[in-house]
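These are my notebook entries on a single protein chain. I record below what I looked up, entry by entry.

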Amino acid sequence: MVIIMKEYKAYIFDMDLTLLNTITSATKSYDLAFKKIGIKFDKSTVTHHLSIPLTASYDEFKNEAKGSFKMFFDEFKKITNETLSVDSTIYDDAIVLISHLLKKGVKLAIVTNRESKNVKDILKGSKIENVFDSIITCDCVSNLKPDPEPINKCLEQLKLKSNEALYIGDAKNDYLAAKNANVDFVCISRYNNCDFNCEIKVHSLMELIK
């Protein structure tokens with residue numbers, strides 16, 4: 001199925017479960033970070049935790065936790081830095097869509113709650129390393145998604161208005177950030193993880209090619 005949408009001057013992508021399959025790395029990171037604070041991690045919930053901030057993941061278990069958020073965060077960051085660039089892969093449909101958009105001459109961007117180092121490590125040497133006109137990470141802003149600041153900063157760098165861009169993500173925080181920034185949104189539901197109401201849901205980015 002091809003989704004009928006208007007043309008945009010920029011396409012902004014989330015990273016986890018949108019551009020990148022980070023499940024293997026994330027599973028290792030959450031498993032060891034939760035273990036550090038005495039919590040047994042249910043690996044079947046990894047896509048849920050990837051869709052929310054780390055603070056929210058910790059808060060779900062803080063009453064049982066035998067350690068601070070800092071302990072949890074530091075261990076998560078350590079394992080992520082060791083595994084993310086090694087264990088992550090770019091989705092094939094993301095590469096196809098980006099190649100298609102490059103031929104159309106539109107601008108491309110990333111808005112993610114990941115750290116800049118992680119993004120650079122993942123993209124280094126990949127087919128999409130140098131295609132993005134703007135990359136906004138958690139290091140660039142004071143407020144993370146669902147706050148509109150990351151998307152607004154991206155639009156500022158692209159020199160575009162909110163109605164000229166589309167944000168593609170997989171989580172409710174992505175949707176809320178786009179809505180708060182008055183930017184159109186598409187949910188990519190690879191793992192039936194778009195369990196919230198939004199205007200357009202797809203199961204493959206190929207559905208956005210026209």
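**Entry 1: Ser57**

I listed the contacts of Ser57, leaving aside neighbours within four places in sequence, and found Tyr30, Phe34, His49, Ile52 and Phe72. I note at the outset that this is a predicted model. Ser57 lies in helix α3, which covers residues 54–59. Is Ser57 buried or exposed? I found a relative accessible area of 0%, so Ser57 is buried, the limit for that term being under 20%. I also looked up a separation: Ser57 and Phe69 are 12 residues apart in sequence, and their C-alpha atoms are 9.8 Å apart in space.

**Entry 2: α1 and α4**

I turned next to a pair of helices. Helix α1 spans residues 23–36, and helix α4 spans residues 69–87. The axes of α1 and α4 are 8 Å apart, at an angle of about 160 degrees. Angles over 145 degrees count as roughly antiparallel, and α1 and α4 are therefore roughly antiparallel to each other. I recorded the crossing of α1 past α4 as right-handed.

Which residues meet here? From α1 I listed Thr24, Ser25, Lys28, Ser29, Tyr30, Leu32, Ala33, Phe34 and Lys36. From α4 I listed Met71, Phe72, Glu75, Phe76, Ile79, Thr80, Thr83, Leu84 and Asp87. The residues of this contact divide into 9 nonpolar, 5 polar and 4 charged.

**Entry 3: α4 and α6**

I then followed α4 to another partner, helix α6, residues 116–123. Their axes come within 8 Å and cross at roughly 25 degrees. Angles under 35 degrees count as roughly parallel, which makes α4 roughly parallel to α6. The crossing of α4 past α6 is right-handed. On the α4 side I found Thr80, Asn81, Leu84 and Ser85, and on the α6 side Lys117, Asn118, Asp121 and Ile122. I sorted the residues of this contact into 2 nonpolar, 4 polar and 2 charged.

In soluble globular proteins, nonpolar side chains tend to be buried together.

Not counting residues up to four places away in sequence, Tyr11 touches Lys6, Leu101, Val106, Lys107, Leu108, Ala109, Leu166 and Ile168.

**Entry 4: Backbone details in the loops**

I checked the peptide bond from Lys145 to Pro146 and found it cis, with omega near 20 degrees. Pro146 is in the loop between β5 (134–136) and α7 (149–158).

Lys159 is not a glycine, yet it has a positive phi of about 60 degrees. Lys159 lies in the loop between α7 and β6 (165–169), and it is exposed, with a relative accessible area of 73%. Asn182, which is not a glycine, has a positive phi of about 60 degrees. I located Asn182 in the loop between α8 (172–180) and β7 (184–188). Asn182 is exposed, with a relative accessible area of 58%.

**Entry 5: Lys210**

My last entry concerns Lys210, in the segment after β8 (201–202). Its relative accessible area is 41%, so Lys210 is partly exposed. Lys210 and Leu97 are 113 residues apart along the chain, and their C-alpha atoms are separated by 9.9 Å.

Note on methods
Residues numbered from 1 in each chain as written. Predicted model: local features only at pLDDT ≥ 70, side-chain atom pairs only at ≥ 80, totals over all residues. Heavy atoms only, no water. Contact = heavy atoms within 4.5 Å. Axes fitted to C-alpha atoms, helices over the stretch in contact; angles between N-to-C directions. Helix = DSSP H or I, 4+ residues; strand = E, 2+ residues; numbered from the N terminus. Parallel < 35°, antiparallel > 145°, perpendicular 65-115°, else oblique. Left-handed = near helix turned anticlockwise from the far one by under 90°. Nonpolar A, V, L, I, M, F, W, Y, C, P; charged D, E, K, R; others polar. Buried < 20%, exposed > 50% of the residue type's maximum accessible area, 1.4 Å probe, protein only.
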